[in-house]
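Subject: Two-chain model for you to look over

Hello,

Here is the structure I said I would pass on. Please open it first, then read my notes below.

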Amino acid sequence: MSQGSPEAGGRDLPPGEDELWEAVADPSRRKVLDLILARGQATPTTLAAELPFTRQAVAKHLAVLARAGLVEARREGREVYYSVRAERLDEAAQVMARAAQAMAAAAARWDRRLHAIKRLAEEQAHTSPAQLPGE
Amino acid sequence: MTPDKVEKNILINAPAETVYRVITDPDQISQWFADAAELDPVPGGQGRLTFEDRATTQRMSVRLTVHAAEPPHRFAFRWDYPEGERPAEGNSLLVEFTLAAEGTGTRLRVTESGFAALRKPDEDKAVYYEAHDKGWDAHLASLQGYVAGQS
């Protein structure tokens, strides 16, 4: 369940950015996604064999990825094959890129602020020697 | 890694008490953070930061609420929550400063977290960040001029 949605309900955006975000924010899930992408298609059994996750964990990850529209399932005999939906993956990449950009900008702002704090504090420390013991 | 948190730190050649004052005193906050600041730096204290965009002379004001104030070791606040709402996880960013003695100076660390939940109205945020950046670039330029004039 995605918490804190601004509008009550919020269902009108079909598999929205929330689900997309939730799906790709988890590193384990990105591993599952990467592997399906590398193989073209994969069954839960082969995924569980190649990744350090249990079958149950793989099934859970696949369910979240499917809910976000990032993968689709196709049944062939007794096997279910999962493949990546490219257009949805593009959207996910954009969401991630935007978030990374916002974070990088925030980090740069704090860097500038810390440097400004440093200058102010050091100025004050040097103009009031009583604050500094010895030396 | 979930991109929800930024972390930065700096070594300052000044006692923790001095650094703590710089980060909590409204008169000083207006020199490193916003163009104007009002703040009661006690737990639960309310404040307001005003940013001016020098290019357009447009003003933007942001509320903040003090989350923790333990001089001279820790100071934290939540900001960037909608007017009329209480600051909480999911509608605001949490900024946490920690100060630790290191050598003859102070190591100041800052984390800002809550981006993942806050990213909801993406376009609003983009505009907001841009406004901040502009204000900051102008502020930094004036600060650098000031520092250069000193030396």
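A residue is called buried here if 20 or more other C-beta atoms lie within 10 Å of its own. By that count, seven of the nine residues of helix α1 of chain B (residues 16-24) are buried, so this helix is largely enclosed by the rest of the structure. Keep in mind that the model is predicted.

**The enclosed helix**

Which residues of α1(B) are buried? They are A16(B), T18(B), V19(B), Y20(B), V22(B), I23(B) and T24(B). The cover comes from both chains: it includes α5 of chain A, and from chain B β1 (5-12), α2 (26-32), β5 (74-79), β6 (93-102) and β7 (105-113). Leaving out residues up to four places away in sequence, I23(B) touches I117(A), F75(B) and F97(B).

**The cores**

The largest nonpolar core has 32 residues. Its members with the most contacts to other members are I117(A), A121(A), V19(B), V22(B), I23(B), W32(B) and L108(B). Which element gives this core its largest share? Helix α5 of chain A (residues 86-127) does, with seven residues. There is also a second, separate core of 18 residues. Among its members are V32(A), I36(A), L62(A) and Y82(A).

**Chain A**

Chain A has five helices and two strands. Read from the N terminus, the order is α-α-α-α-β-β-α. Of its 135 residues, 24% count as buried. Take the contacts in chain A between residues at least 6 apart in sequence: 51% of them join residues at least 24 apart.

Confidence needs a word. The average pLDDT of chain A is 81, and 82% of the residues score at least 70. Residues 1-14 of chain A are another matter, with pLDDT below 50. Beyond near neighbours in sequence, that stretch has eight contacts in the model.

Two helix pairs in chain A are worth a look.

- α1(A) with α5(A). Helix α1 of chain A covers residues 17-25. Its axis and that of α5(A) come within 10 Å and cross at roughly 80°. The two helices are therefore roughly perpendicular to each other. On the α1(A) side the contact uses E17(A), L20(A), W21(A) and V24(A); on the α5(A) side it uses E91(A), A92(A), V95(A) and M96(A). By class, that gives six nonpolar, no polar and two charged residues.
- α2(A) with α4(A). Helix α2 of chain A (residues 27-39) packs against helix α4 of chain A (residues 55-67) at an angle of about 85°, and their axes are 10 Å apart. That makes α2(A) roughly perpendicular to α4(A). S28(A), R29(A), V32(A) and L33(A) in α2(A) meet V58(A), H61(A), L62(A), V64(A) and L65(A) in α4(A). This contact divides into six nonpolar, two polar and one charged residue.

**Chain B**

Chain B has four helices and seven strands. The elements run β-α-α-β-β-β-β-β-β-α-α from the N terminus. Of its 151 residues, 29% count as buried. Of the contacts in chain B with a separation of 6 or more, 42% are between residues 24 or more positions apart.

**Backbone points to check**

Most residues other than glycine have a negative phi, and most peptide bonds are trans.

Where is the cis peptide bond? It joins P71(B) and P72(B), with omega at about -5°. P72(B) sits in the loop between β4 (58-70) and β5 of chain B.

The positive phi belongs to D80(B), at near 70°. D80(B) is in the loop between β5 and β6 of chain B. Is D80(B) buried or exposed? It is buried, with 20 other C-beta atoms within 10 Å.

E83(B) also lies in the loop between β5 and β6 of chain B. E83(B) counts as exposed, because it has 7 C-beta neighbours inside 10 Å. Along the chain, E83(B) and V62(B) are 21 residues apart; their C-alpha atoms are separated by 8.5 Å.

Best wishes

Terms used: Residues numbered from 1 in each chain as written. Chains lettered and ligands numbered in written order. Predicted model: local features only at pLDDT ≥ 70, side-chain atom pairs only at ≥ 80, totals over all residues. Core = buried A, V, L, I, M, F, W, Y, C linked by C-beta atoms within 7 Å. Buried ≥ 20, exposed ≤ 12 C-beta atoms within 10 Å, placed from the backbone. Contact = placed C-beta atoms within 7 Å. pLDDT = per-residue confidence, 0-100. Axes fitted to C-alpha atoms, helices over the stretch in contact; angles between N-to-C directions. Parallel < 35°, antiparallel > 145°, perpendicular 65-115°, else oblique. Nonpolar A, V, L, I, M, F, W, Y, C, P; charged D, E, K, R; others polar.
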